[in-house]
Amino acid sequence: MQQEARGRQAETAAKARITGIPAEVARVMQLLNAAGKETAAVGGCVRDRLLKKQPKDWDLATAARPEETQALLQQAGYRVIPTGIRYGTVTALTPGGPVEITTFRLDGAYSDARRPDAVVFTGDLRRDLARRDFTINAMACNMQGELLDCFGGQRDLRAGLIRCVGEPDRRFAEDALRMMRALRFAAGLDFTLEAQTARSLRQNCHRLAMVAPQRLRAELDGLLCGKGAGRVLEQDAQVLCVLLPELKEDAPGGRAYWQALPWLNNLPPQPVLRLAALLHGVQDVSGALARLGYDNAAKARVALLASLWGTPPPQRDAEVRRLLGRMPPEAFFQLALLKQAEAFSQQEKEAAAWRGAADLARRVLQEGQCFRLKDLAVKGEDLLAAGVPAGPAVGRVLHALLKRVIEGELPNEKHALLQQAARLLTIIEERPD
């Protein structure tokens with residue numbers, strides 16, 4: 001009740017106006033309002049405009065029932081998709097992009113900790129805003145950009161706070177994923193959790209085990225890439241450990257997690273890089289990521305980077321070529337970024353060595369130097385034509401030639417390689433093992 005009273009004061013005092021509503025969004029709002037159905041922009045788009053950011057999406061809430069919304073839009077020539085009609089949501093496909101429109105509603109019980117079992121449509125925008133997750137997402141604006149802020153969202157934006165609307169325990173019981181959303185917003189905006197919200201989140205984080213892995217993964221990626229990720233992951237490590245128990249401080253790989261936090265934000269905001277930093281001490285990286293539904297490419301890349309963690313910085317062309325031969329070039333540069341970030345806070349000399357290794361690798365690639373079989377100037381058919389018998393000997397000679405080219409002992413030239421192939425064949429025949 002106190003929060004609602006503060007919210008009413010904030011609403012009365014609010015003078016901010018929302019600008020930059022796209023023309024197509026305004027047209028949809030005007031269409032529904034002209035039919036006597038109050039319609040407003042809500043949620044993240046309002047928050048982002050108050051932060052002077054360009055929203056990715058514009059979501060609308062309306063007093064119109066979903067079937068009314070659909071009929072009005074179709075009469076105006078829009079193609080409409082019933083994306084979540086059970087929950088009052090339809091999507092209008094406009095020339096400026098899709099616009100999601102949801103009927104003002106009240107949510108029923110959440111037996112699966114994800115979606116309400118049922119919803120009740122209402123004509124009251126304020127009651128619709130009251131069901132939302134955080135104050136900064138519970139604001140609305142009309143066609144003229146006039147702001148409706150019932151719960152102090154502007155105040156919390158100014159204070160840099162993530163605060164639940166109403167009772168945090170209730171909000172998190174309704175949808176456990178809101179706890180990960182709270183952390184994602186805190187990291188992305190570099191905000192702090194309001195005290196009661198933080199306390200409830202830490203008490204209820206075990207409920208995240210009920211959430212589908214794919215939903216957790218999407219929020220985790222956003223959290224990891226936030227500018228405040230290191231701070232948030234340190235303050236609320238116990239939440240992440242529900243998702244990844246391998247990161248507990250007393251787990252075999254947990255120490256690496258804590259060591260990575262101070263320099264995590266020195267990395268580019270890419271989930272694969274930041275996951276590799278946090279998980280590099282974990283024995284079964286692929287298994288840990290599989291539980292969260294990461295695809296095979298992400299699992300393989302993070303596991304590869306983790307397995308190469310102890311690699312010293314290569315300092316010669318041959319060492320760079322040898323390392324490039326073990327991984328895709330992109331992975332080499334990712335490893336260099338990881339090792340630079342790790343070393344920068346402790347050993348500037350090693351960080352400089354990895355920067356140098358990355359420069360060497362760029363030159364190796366620009367010059368088209370050979371470090372893989374496909375780069376070799378001779379192929380299997382060339383060896384067969386030169387008299388190497390078909391069978392395992394062809395592959396063994398090719399790999400032996402590649403090794404000598406990588407080490408700089410042979411030029412990657414067809415004539416020189418074929419000459420050396422004859423010598424190598426003699427050695428292979430003498431020592432078939």
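Colleague: In which helix is asparagine 204 found?
Modeller: Helices here are DSSP runs of H or I with at least four residues, and strands are runs of E with at least two, both numbered from the N terminus. The helix that holds asparagine 204 covers residues 195–204. Its name is H9.

Colleague: What kind of model is this?
Modeller: Residues are numbered from 1 along each chain as its sequence is written, and side-chain values use heavy atoms, with hydrogens and water left out. Local features need pLDDT of at least 70, side-chain atom pairs count only at pLDDT 80 or more, and totals for chains, interfaces and linings use all residues; the model is predicted.

Colleague: Does asparagine 204 count as buried or exposed?
Modeller: Buried means under 20% relative accessible area, exposed over 50%, and partly exposed in between, with a 1.4 Å probe and protein chains only. Asparagine 204 has a relative accessibility of 15%, so it counts as buried.

Colleague: Which residue has a side chain joined to that of asparagine 204 by a polar contact?
Modeller: Not counting residues up to four places away in sequence, asparagine 204 touches Asp169 and Met179, where contact means heavy atoms within 4.5 Å. A polar contact is a pair of N or O atoms within 3.5 Å; within protein, one must be able to donate a hydrogen and the other to accept it, and residues adjacent in sequence count only if both atoms are side-chain atoms. The backbone oxygen of serine 200 lies 2.8 Å from a polar atom of the asparagine 204 side chain. The side-chain to side-chain polar contact is 3.1 Å, and the partner is aspartate 169.

Colleague: In what order do the strands of the open sheet lie?
Modeller: Strands pair if DSSP finds at least two bridges between them. The sheet has 7 strands with mixed pairing. Its edge strands, S3 (79–84) and S9 (147–149), each pair on one side only. The order is S3-S4-S5-S2-S1-S8-S9.

Colleague: In what sense do S1 and S2 pair?
Modeller: Strands of a sheet pair through backbone hydrogen bonds, either parallel or antiparallel. S2 and S5 run parallel and are joined by 4 bridges, and aspartate 59 stands opposite glutamate 100 in S5. The 4 bridges between S1 and S2 are antiparallel.

Colleague: What angle does the direction of helix H4 make with that of S4?
Modeller: Angles run from 0 to 180 degrees between N-to-C directions, and axes are lines fitted to C-alpha atoms, for helices over the stretch in contact. Helix H4 (residues 66–75) packs on the sheet and touches S2, S3, S4 and S5. Its direction and that of S4 make an angle of about 15 degrees.

Colleague: What is the relative accessible area of threonine 69?
Modeller: Threonine 69 is found in helix H4. Leaving out residues up to four places away in sequence, threonine 69 touches Leu32, Thr62, Ala64, Val90 and Ile101. Threonine 69 is buried, and its relative accessible area is 1%.

Colleague: How are H17 and H19 oriented to each other?
Modeller: The axes of H17 (residues 317–324) and H19 (residues 348–366) are 9 Å apart, at an angle of about 75 degrees. Angles under 35 degrees count as roughly parallel, over 145 as roughly antiparallel, 65 to 115 as roughly perpendicular and the rest as oblique. H17 and H19 are therefore roughly perpendicular.

Colleague: How many nonpolar residues are in the contact of H10 with H14?
Modeller: Leu220, Asp221 and Leu224 in H10 meet Pro271, Arg274, Leu275 and Leu278 in H14. Ala, Val, Leu, Ile, Met, Phe, Trp, Tyr, Cys and Pro count as nonpolar, Asp, Glu, Lys and Arg as charged, and the others, Gly among them, as polar. By class, the contact has 2 charged residues, no polar ones, and a nonpolar count of 5.

Colleague: How many of the 9 residues of H14 are buried?
Modeller: Helix H14 (residues 271–279) is mostly covered. Its buried residues are Leu273, Arg274, Leu275, Ala276, Ala277, Leu278 and Leu279.

Colleague: What is the phi of lysine 52?
Modeller: Most residues other than glycine have a negative phi. Lysine 52 lies in the loop between helix H3 (44–50) and S2, and is exposed, with a relative accessible area of 71%. Although lysine 52 is not a glycine, its phi is positive, at about 65 degrees.
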